[in-house]
Amino acid sequence: MQVSDLIVKLQAALMDSAEHVSGHEQQLVEMALADFSRYRPHQRLGTIELQHNQACYPAPADLISVRTCFYGQSARKQYQPWERGYPRDLPNLSRIDDEQGKPMLRLSFLPGYHLLNQVGWTYSFSYYAARTIQNDVITIDSQDEPLLLLRAIVEAVKYIAVNHLSKTVSVRNSIGGEAKNGTPAAIHQQLMEQFERQVRHA
């Protein structure tokens with residue numbers, strides 16, 4: 001989905017209220033996309049090279065949370081759980097934030113040399129990733145495009161509520177097409193509730 005196309009649709013949905021967000025559309029789309037990622041994140045694969053006595057590692061820049069840990073799973077398939085070589089205790093991986101709020105990956109415990117030599121020094125995992133804009137393109141499923149537009153409308157109405165509190169706004173919903181009129185705060189609440197319902201059932 002082209003960001004420029006999304007902005008055109010956003011302006012059309014805001015109708016006469018579009019003038020209140022003029023020049024801020026890109027920022028509003030980015031904020032909407034960041035929140036949209038909580039509901040529809042990318043799913044990606046990652047790896048870290050383990051170091052002895054090191055529990056924390058830099059996380060991918062787009063990481064939201066760890067999804068599945070694959071470390072040791074292939075080694076487990078080579079043995080039955082009751083056999084001697086079966087790796088019973090494997091470290092899990094989770095996200096933590098450092099003092100500056102930068103995401104880090106932390107092992108639940110430090111693997112010893114025996115486990116490292118048996119299972120390996122490469123830790124593979126899948127994770128939920130934030131969606132980002134790359135070369136004016138947002139990569140989402142086509143059926144989710146109306147949801148992202150709705151979320152962008154919500155963000156725009158929120159902006160109007162903060163900066164033009166006394167204004168009455170008119171917006172056209174991206175899903176269903178009905179127009180809504182009222183104060184920015186009331187419209188924001190109505191549209192956000194609708195977005196949350198739609199995104200859960202889409």
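Colleague: How many salt bridges does a search of the whole structure find?
Modeller: Six salt bridges come out of that search. Keep in mind that this is a predicted model.

Colleague: OK, start with Asp35. Which residue does Asp35 form a salt bridge with?
Modeller: That would be Arg38, with the closest N and O atoms 2.6 Å apart.

Colleague: And where do Asp35 and Arg38 lie?
Modeller: Both are in helix H2, which covers residues 25-39. They sit three residues apart, about one turn of the helix.

Colleague: Is Asp35 buried or exposed?
Modeller: Buried, with a relative accessible area of 14%. Arg38, on the other hand, counts as exposed because its relative accessibility is 54%, and the cut-off for exposed is over 50%.

Colleague: Which residues are linked in a network of salt bridges?
Modeller: Asp35, Arg38, Arg151 and Glu155 are linked in one. So the H2 pair and the H5 pair belong to a network.

Colleague: What about Asp144, what's its partner?
Modeller: Asp144 forms a salt bridge with Arg40, and the closest N and O atoms there are 3.3 Å apart.

Colleague: Why does that pair tie together parts that are 104 residues apart in sequence?
Modeller: Because Asp144 lies in the loop between strand E8 (137-138) and helix H5 (145-163), while Arg40 is in the loop between H2 and E1. As for burial, Asp144 is buried with a relative accessible area of 5%, and Arg40 counts as buried at 18%.

Colleague: Switching to sheets. In what order do E2, E4 and E5 come?
Modeller: The order is E2-E5-E4, an open sheet of three strands with antiparallel pairing. Strand E2 (56-58) and strand E4 (93-97) are the edge strands, each pairing on one side only. From one strand to the next, the twist averages 40°.

Colleague: How many bridges do E2 and E5 pair over?
Modeller: Three, in the antiparallel sense, with E5 being residues 103-107. If you want a spot to look at, Cys56 has Arg106 in E5 as its bridge partner.

Colleague: And the sheet with E1, E3 and E6, what's the order there?
Modeller: E1-E6-E3, an open sheet of three strands, and the pairing is antiparallel. Its edge strands are strand E1 (42-49) and strand E3 (63-69). The twist averages 40° from one strand to the next. E3 and strand E6 (residues 122-129) pair over five bridges, and Val66 has Tyr127 in E6 as its bridge partner.

Colleague: Last topic, H6. What should its 18 residues span?
Modeller: At 1.5 Å a residue, helix H6 (residues 184-201) should span 26 Å, and its end C-alpha atoms are 26 Å apart, which agrees.

Colleague: Which residues in H6 are buried?
Modeller: Pro184, Ile187, Leu191, Met192, Gln194, Phe195 and Val199. Looking down the axis of H6, the buried residues fall within an arc of 170°, so they line one face of the helix.

Colleague: What's exposed on the other side of H6?
Modeller: Arg200 and His201 are exposed there.

Conventions: Residues are numbered from 1 along each chain as its sequence is written. This is a predicted model: local features need pLDDT of at least 70, side-chain atom pairs count only at pLDDT 80 or more; totals for chains, interfaces and linings use all residues. Side-chain values use heavy atoms; hydrogens and water are left out. Two strands pair if DSSP finds at least two bridges between them. Helices (H or I, at least four residues) and strands (E, at least two) are DSSP runs, numbered from the N terminus. Axes are lines fitted to C-alpha atoms, for helices over the stretch in contact, and angles run from 0 to 180 degrees between N-to-C directions. The expected span of a helix is 1.5 Å times one less than its number of residues. Buried means under 20% relative accessible area, exposed over 50%, partly exposed in between (1.4 Å probe, protein chains only). The arc is that of the directions from the helix axis to the C-beta atoms. A salt bridge is a side-chain nitrogen of Lys or Arg within 4 Å of a carboxyl oxygen of Asp or Glu.
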